[in-house]
Amino acid sequence: MSSHSLHDLIKALKKLAKASQAKLGGVACFIIKNGAIVSSGINYNPTGEPMEDVTDGKLVSRPEVVHAEVAALRAASKNEVNIAGSTLLVTMSPCITCAKEIALTSVGEVVYLYDWWDKAALDILAHAGITTHKLKEEP
């Protein structure tokens with residue numbers, strides 16, 4: 001993947017993340033294989049209800065919310081897309097729940113733009129033999 005195409009992918013990924021209805025921040029995921037986007041997903045609430053609730057004065061994601069990585073993996077499965085050795089390009093490093101889902105797949109690498117607060121998910125991916133890499137912000 002050339003740096004120009006990576007730049008274009010990141011721009012598109014950030015734009016897709018803005019489509020999410022999350023007040024806590026939209027997350028988007030592309031599954032990339034052989035330089036092409038073969039699946040994508042954003043975080044969303046399948047019930048149509050708000051994505052967050054206020055709990056103890058804090059905005060908290062609701063349990064039924066589907067995360068971007070899981071949405072992209074489900075779409076790939078539904079469309080019978082071979083994701084073996086593919087790269088997940090995600091706006092945010094995966095949470096533990098998503099890391100467990102990713103670890104069950106044949107994805108080869110997870111590349112992300114921003115850190116999720118809990119880094120334990122990266123250990124889960126490493127244990128599963130999945131490479132992770134944080135992209136540096138562009139100047």
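**Close-up 1. Cover over the buried side of helix α4 in a predicted model**. Among the elements that cover the buried residues of α4 are α3 (96–103), β6 (109–114) and β7 (131–134). Contact means heavy atoms within 4.5 Å. Helices (H or I, at least four residues) and strands (E, at least two) are DSSP runs, numbered from the N terminus. In α4 (residues 120–127), A121, L122 and L125 are buried. They lie on the same side of α4 because they cover an arc of only 100° around the axis. That arc is taken from the directions from the helix axis to the C-beta atoms. D123, A126 and H127 are exposed, on the face turned away from the buried side. Buried is under 20% relative accessible area, exposed over 50%, and partly exposed in between (1.4 Å probe, protein chains only). G129 follows α4 and has a positive phi, near 85°.

**Close-up 2. Helix α2 and its cover**. The buried residues of α2 (68–78) are A68, E69, V70, A71, A72, L73 and A76. Their cover includes β1 (28–33), β2 (36–42), β5 and α3. E80 follows α2, with a positive phi near 55°.

**Close-up 3. The largest pocket**. Its space is about 690 Å³. V27, S61, H67, C95 and W116 are the closest to its centre, of 32 lining residues. At least two lining residues come from each of β4 (58–61), α2, β5 (87–92) and α3. By class, the lining has 19 nonpolar, 8 polar and 5 charged residues. Ala, Val, Leu, Ile, Met, Phe, Trp, Tyr, Cys and Pro count as nonpolar; Asp, Glu, Lys and Arg as charged; the others, Gly among them, as polar. A pocket is an open set of points on a 1 Å grid over the protein atoms alone, where a 1.4 Å probe fits, with protein on both sides within 12 Å along at least five of seven lines; lining residues have an atom within 4 Å of a point. Points are joined across faces, edges and corners, and the volume is the space filled by probe spheres set on them.

**Close-up 4. M51 in its loop**. M51 sits between β2 and β3 (52–55). M51 counts as buried because its relative accessibility is 5%. Beyond its neighbours within four places in sequence, M51 contacts S20, Q21, A22, N43, Y44, N45, V60, S61, R62 and V65. L24 is 27 residues from M51 in sequence, and 8.7 Å away C-alpha to C-alpha.

Residues are numbered from 1 along each chain as its sequence is written, and side-chain values use heavy atoms, without hydrogens and water. In this predicted model, local features need pLDDT of at least 70 and side-chain atom pairs count only at pLDDT 80 or more, while totals for chains, interfaces and linings use all residues.
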